[in-house]
Amino acid sequence: MNGNLAYGLGFVFGIVIVSAIIIIPMLIVLTKDGKIKRKYDERQEAIRGRGFKIAFYTMVTMNMLYGFFQVACKELPIEPSVVVFIIAIMGVGVYAWYTILNDGYFALNERIPQTLVAFTIIGLINLLIGLANIMDGTIMNEGVISFECISIVCGIFMLITVLVILIKQHKDKKED
């Protein structure tokens, strides 16, 4: 696979991930007749708010660590764009994982199996793209980790999210 093609596909799948987790749920709030489609109770809204706060502080902390390492090490063996993207993914991940584990991610009327299938497919496709980048040798550029590694990061993130959902479902079944 051409390095530019892999880069483009990785970027597209990154946008898909962000859309699937944050943007699409925000846009698909109303049905055609104007009624709210996704319903969250007050407890879920509070959990979602805490999730955003925790994700924000995670990103701030990671940015501060990145700044510290930039000053201390002068040159890191990773492109800055990769670090920025990983920090964003970690913020989204912390939000998703926290709200999933605390029953705030999925709306009361939402179907979880469809989400599991979508996240699994997105994760596996990203890992395949990442594997192609490793095989092409485009993941490293003159000893520096390049943006082509983002597909692997996105794939791992999505599969961890699937694992968190499955753990939560297992925990809920044990409690019942």
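**Exercise 1. Work out the fold's layout: how many helices and strands does the protein have, and in what order do they run?**

Start with a tally: the secondary structure comes to five helices and two strands. Keep in mind that we're working with a predicted model. Next, walk along from the N terminus, and the elements read α-α-α-α-β-β-α.

**Exercise 2. Describe how the axes of H2 and H3 cross.**

First, find the pair: H2 covers residues 42–73 and H3 covers residues 80–101. Their axes come within 8 Å and cross at roughly 155°. Angles over 145 degrees count as roughly antiparallel, so that's what H2 is relative to H3. As for handedness, H2 passes H3 in a right-handed crossing.

Now look at who touches whom. On the H2 side, the residues include Ile47, Phe52, Ile54, Met59, Met62 and Tyr66. They're part of a contact with H3 residues, among them Val83, Ile87, Met90, Val94, Tyr95 and Tyr98. Sort the residues of this contact by type and you get 15 nonpolar, five polar and two charged.

**Exercise 3. Find the residues in the largest nonpolar core that touch the most other members.**

Begin with the set itself, which has 25 residues. Ile100, Tyr105, Phe119, Phe157 and Ile165 touch the most other members.

**Exercise 4. Zoom out: what share of the protein is buried?**

Of the 176 residues, 35% are buried. For the contacts, take those with a separation of 6 or more: residues 24 or more positions apart account for 77% of them.

Note on methods. Residues are numbered from 1 along each chain as its sequence is written. This is a predicted model: local features need pLDDT of at least 70, side-chain atom pairs count only at pLDDT 80 or more; totals for chains, interfaces and linings use all residues. Side-chain values use heavy atoms; hydrogens and water are left out. Axes are lines fitted to C-alpha atoms, for helices over the stretch in contact, and angles run from 0 to 180 degrees between N-to-C directions. Helices (H or I, at least four residues) and strands (E, at least two) are DSSP runs, numbered from the N terminus. Angles under 35 degrees count as roughly parallel, over 145 as roughly antiparallel, 65 to 115 as roughly perpendicular and the rest as oblique. A crossing is left-handed if the near helix is turned anticlockwise from the far one by less than a right angle, and right-handed if clockwise. Contact means heavy atoms within 4.5 Å. Ala, Val, Leu, Ile, Met, Phe, Trp, Tyr, Cys and Pro count as nonpolar, Asp, Glu, Lys and Arg as charged, and the others, Gly among them, as polar. A nonpolar core is a set of buried Ala, Val, Leu, Ile, Met, Phe, Trp, Tyr and Cys residues joined through side-chain atoms within 4.5 Å. Buried means under 20% relative accessible area, exposed over 50%, partly exposed in between (1.4 Å probe, protein chains only).
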